[in-house]
Amino acid sequence: MREDAKSSKPNHTDVSSAEAKWWVSAEDHKFALEVLQLPLRRKMLRFIGLEARSIDEIEKEFGLSTDQARYHLEMLEKGLVVERVGDSYRTTITGKLYLEKVDSCSEIMPPSKGQSQPRA
């Protein structure tokens, strides 16, 4: 068996930033979803969207200190939904898919049973 054919799962630690980075295990996927549970991080991911953003832009948009912005961006990086490119951050393919397939659905899906609905 060839060395590179041993694993059918991509190894996100061995790919360049130009290639897609994927969650390797269920734990990676769970971690990314936990990272994205925080509404601020989802808003940051949407803000970065299709355009690379500098840390200064992110700080100003969300009223964060440099340390706060870096902490949340590092969490988004560990979740493989954003990546650092020079002095900016951009959404990864995984992050774009999350925004397209998951985040966009959450805005149109009605609350499930048991969840309270806002009163008019």
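These questions and answers walk through a predicted model of one protein chain.

Author: Residues are numbered from 1 along each chain as its sequence is written, and side-chain values use heavy atoms, with hydrogens and water left out. In this predicted model, local features need pLDDT of at least 70 and side-chain atom pairs count only at pLDDT 80 or more, while totals for chains, interfaces and linings use all residues.

Reader: What makes up the secondary structure of the chain?
Author: The chain has 5 helices and 3 strands. Helices (H or I, at least four residues) and strands (E, at least two) are DSSP runs, numbered from the N terminus. Along the sequence the pattern reads α-α-β-α-α-β-β-α.

Reader: How many residues does the chain have, and what share of them is buried?
Author: The chain has 120 residues, and 28% of them are buried. Buried means under 20% relative accessible area, exposed over 50%, and partly exposed in between (1.4 Å probe, protein chains only).

Reader: Why is Leu 76 called buried?
Author: Its relative accessibility is 0%. The limit for buried is under 20%. So Leu 76 counts as buried. Leu 76 lies in helix H4, residues 66-78.

Reader: What does Leu 76 contact beyond its neighbours within four places in sequence?
Author: Val 35, Leu 36, Arg 41, Met 44, Val 81 and Val 82. Contact means heavy atoms within 4.5 Å. Ala 32 is 44 residues from Leu 76 in sequence, and their C-alpha atoms are 7.7 Å apart.

Reader: Why are H2 and H4 called roughly perpendicular?
Author: Two packed helices are described by the angle between their axes and the distance between the axes. The axes of H2 (residues 39-48) and H4 cross at roughly 80° and come within 10 Å. Axes are lines fitted to C-alpha atoms, for helices over the stretch in contact, and angles run from 0 to 180 degrees between N-to-C directions. Under 35 degrees counts as roughly parallel, over 145 as roughly antiparallel, 65 to 115 as roughly perpendicular, and the rest as oblique. H2 and H4 are therefore roughly perpendicular to each other.

Reader: Which residues of H2 and H4 meet?
Author: From H2, Leu 40, Arg 41, Met 44 and Ile 48 take part; from H4, Ala 69, Tyr 71, His 72, Leu 73, Met 75 and Leu 76. By class, this contact of H2 with H4 has 8 nonpolar, 1 polar and 1 charged residues. Ala, Val, Leu, Ile, Met, Phe, Trp, Tyr, Cys and Pro count as nonpolar, Asp, Glu, Lys and Arg as charged, and the others, Gly among them, as polar.

Reader: What makes a nonpolar core?
Author: It is a set of buried Ala, Val, Leu, Ile, Met, Phe, Trp, Tyr and Cys residues joined through side-chain atoms within 4.5 Å. The largest one here has 18 residues; Leu 45, Ile 58, Leu 73, Leu 76 and Tyr 89 touch the most other members. H2, helix H3 (55-62), H4 and helix H5 (93-108) each give two or more residues to this core.

Reader: Why is Tyr 89 called buried?
Author: Its relative accessible area is 4%. The limit is under 20%. So Tyr 89 is buried. Tyr 89 is found in strand E3, residues 88-91. Among the residues that Tyr 89 touches are Ile 48, Glu 51, Ile 58, Leu 73 and Val 82.

Reader: Why is Glu 51 called partly exposed?
Author: Glu 51 has a relative accessible area of 46%. Partly exposed lies between the buried limit of 20% and the exposed limit of 50%. So Glu 51 is partly exposed. Glu 51 sits in the loop between H2 and strand E1 (53-54).
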